[in-house]
Amino acid sequence: MKHVIILGGGLAGLAAADKLLDAGFKVTILEKAPFTGGLASSFKQDNEWIPKYYHHVVSHNTTTQSYLNRYNAMGNNVWKKIRVAIGVNGKLSHINEISGLLTFNYLTLWEKIRLGIFGVYTIFLMKPEKIKDEENAEDWLNKFAGKGVAQKIFYNLYGRNKFNKPLSVVSAKQFAFRLKEKEVYDNFTFPQHSIQPMIDGLEEDILKKNGIIMTKTNITCINHQKKKVKTDGKTYTYDILLSTIPFPEFLKITTGLTEELKHKLEKIKYCPCVGLVFATKEFLYPETYWINLFQERVHVIMQHSVLIDKYKNKITWCIRYGGSEEDLGLSDEQIKKEYLTSIKKYLPSLNPVWVKVFREKYAEPVYDKDYSSYMPEVRSGVEGLYFAGIQITFPKIRNINTALESGIKAADNIIKDTCAQP
Ligand SMILES: Cc1cc2nc3c(=O)[nH]c(=O)nc-3n(C[C@H](O)[C@H](O)[C@H](O)COP(=O)(O)OP(=O)(O)OC[C@H]3O[C@@H](n4cnc5c(N)ncnc54)[C@H](O)[C@@H]3O)c2cc1C
């Protein structure tokens with residue numbers, strides 16, 4: 001029986017383990033954190049599971065839904081069209097509605113028309129797969145949305161807020177795929193029983209099938225030539241290594257890679273995120289789920305309870321992505337003070353009942369225009385080494401769906417390659 005060691009117990013690692021165990025492999029997951037679920041993990045508050053980050057599900061996330069249904073997490077969930085607002089210069093506007101767009105004075109009349117036409121183009125005509133891998137978002141947006149809209153809207157949304165990079169280095173193809181997901185036009189939901197039953201259920205299934213999950217594991221060294229992983233307390237041997245952890249972490253601990261692969265992996269950079277989740281007695285801005293703030297310390301506000309109003313209080317996140325590396329080292333109290341001050345400019349009634357702070361050093365790969373030229377494949381090119389997780393799913397957007405599918409794909413490749421061996 002071949003032994004697969006999976007690095008990381010996020011959704012990609014859990015989905016891969018579940019599939020590999022069904023195919024008769026011996027599987028060990030090594031996870032650094034005290035729990036599985038990675039970026040999609042939750043915390044318990046007032047007897048309810050709340051994800052550390054917003055984690056909505058949209059109607060075409062079919063893989064996510066099939067896993068949530070497998071563990072009865074969806075319950076009587078409700079699908080909703082969402083309202084989106086942009087906050088700029090202290091004012092919020094619903095720009096995906098005609099009346100909101102018309103009164104959005106941050107854009108000139110011509111720019112509003114261009115933005116409206118661009119919205120229609122992205123829904124009905126745009127073909128992201130036809131965009132060249134190396135095309136940059138600035139040239140592409142200037143052409144299709146006009147310079148004013150590109151700079152005022154999309155630079156703020158995707159250049160500064162998302163990656164803290166100029167649009168000229170951001171991938172047009174990945175951005176177009178993101179637009180094609182029609183995120184703001186789709187139906188949104190959040191599972192009635194949260195996403196935690198899916199994580200707990202996968203974990204239970206893995207253990208039932210005799211898989212091993214080691215949490216709180218500090219991997220000190222991986223020697224891929226000898227196929228050995230050393231942790232603080234134990235040495236594991238393996239036949240196959242599947243890594244789902246961020247590449248900077250993988251490179252720190254792994255020897256025995258080819259120079260070519262090392263060189264590729266070193267190019268992959270990540271964007272961090274720092275966020276607050278807080279509870280208030282009332283909604284801060286009625287009926288609006290998603291608020292993007294421009295030129296502020298905080299970039300996005302998600303009023304979770306608009307999707308699912310089942311908690312003791314109303315739950316909201318606010319997150320800073322691009323540039324948040326400067327906040328990673330701040331104390332929780334400093335972050336609370338800075339972020340709450342930033343959002344009070346737009347939501348002055350904010351008076352939270354409780355607030356929690358979360359930080360991620362590796363929230364999302366920076367999808368620059370050259371990403372596809374150095375992104376590794378599931379099969380790494382080094383015998384016995386495979387990859388999965390959101391760092392290898394370009395140009396798809398990073399979400400639960402792509403993470404699960406990537407874990408399944410890695411398992412399928414491992415099964416196929418092992419069966420093909422004499
Ligand atoms: C702010 C935010 C909002 C999001 N919102 C949504 C949303 O609305 N909808 C949606 O579908 N998706 C959303 N996502 C995306 C979703 O969470 C991810 O795509 C998915 O969870 C990624 O899974 P993964 O297994 O690829 O990676 P991860 O979850 O990052 O898993 C990697 C695992 O490896 C572990 N690890 C790291 N280093 C080591 C090491 N040295 N040794 C051992 N283990 C290690 C980590 O602890 C982690 O558990 C959001 C993510 C963020 C950050």
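Helix axes here are lines fitted to C-alpha atoms over the stretch in contact, and angles between N-to-C directions run from 0 to 180 degrees. Helices (H or I, at least four residues) and strands (E, at least two) are DSSP runs, numbered from the N terminus.

Before you click anything: this is a predicted model, in which local features need pLDDT of at least 70, side-chain atom pairs count only at pLDDT 80 or more, and totals for chains, interfaces and linings use all residues. Residue numbers start from 1 along each chain as its sequence is written.

**Stop 1: α2 and α14**

Select α2 (residues 62-70) together with α14. Their axes come within 7 Å and cross at roughly 80 degrees. Now show T63, T64 and Y67 in α2, which meet I400, N401, L404 and E405 in α14; contact requires C-beta atoms, placed from the backbone, within 7 Å. By class, this contact has 3 nonpolar, 3 polar and 1 charged residues. Nonpolar covers Ala, Val, Leu, Ile, Met, Phe, Trp, Tyr, Cys and Pro, charged covers Asp, Glu, Lys and Arg, and the others, Gly among them, are polar.

**Stop 2: the ligand**

Stay with α14 and bring up the ligand. Around the ligand sit 35 residues, the closest being G8, G10, G38, G389 and N399; a residue joins this shell if its C-beta atom, placed from the backbone, lies within 6 Å. Colour α1 (11-22), β20 (354-365) and α14 (400-420), the elements that give two or more residues to the shell. Colouring by class instead, you get 17 nonpolar, 13 polar and 5 charged residues.

**Stop 3: the domains**

Zoom out and colour domain 1 (3-38 + 196-268 + 370-420), domain 2 (74-79 + 187-194 + 270-365) and domain 3 (97-180). These bounds come from an automatic or database domain assignment. Domain 1 and domain 2 each supply at least three residues to the shell around the ligand. The C-alpha centres of those two domains lie 30 Å apart, and 7 residues of domain 1 are in contact with 6 residues of domain 2. On the domain 1 side of that contact, the residues divide into 4 nonpolar, 2 polar and 1 charged.

**Stop 4: α6 and its partners**

Next, pick helix α6 (residues 147-163) with α5 (residues 137-145): they pack at about 135 degrees, axes 8 Å apart. α5 and α6 are therefore oblique to each other. To check the pairing, select A137, E138, L141, N142 and A145 in α5, which meet K147, V149, A150, F154 and Y158 in α6. This contact holds 7 nonpolar, 1 polar and 2 charged residues.

The tally for α4 with α6 is 4 nonpolar, 1 polar and 3 charged.

**Stop 5**

Most residues other than glycine have a negative phi, and most peptide bonds are trans. Go to F394 and P395, joined by a cis peptide bond with omega at about 5 degrees. P395 is in the loop between β21 (385-387) and α14.

Finally, jump to N47, in the loop between β3 (42-45) and β4 (48-51). N47 is not a glycine, yet has a positive phi of about 70 degrees.

Definitions and conventions
Parallel < 35°, antiparallel > 145°, perpendicular 65-115°, else oblique. Contact = placed C-beta atoms within 7 Å.
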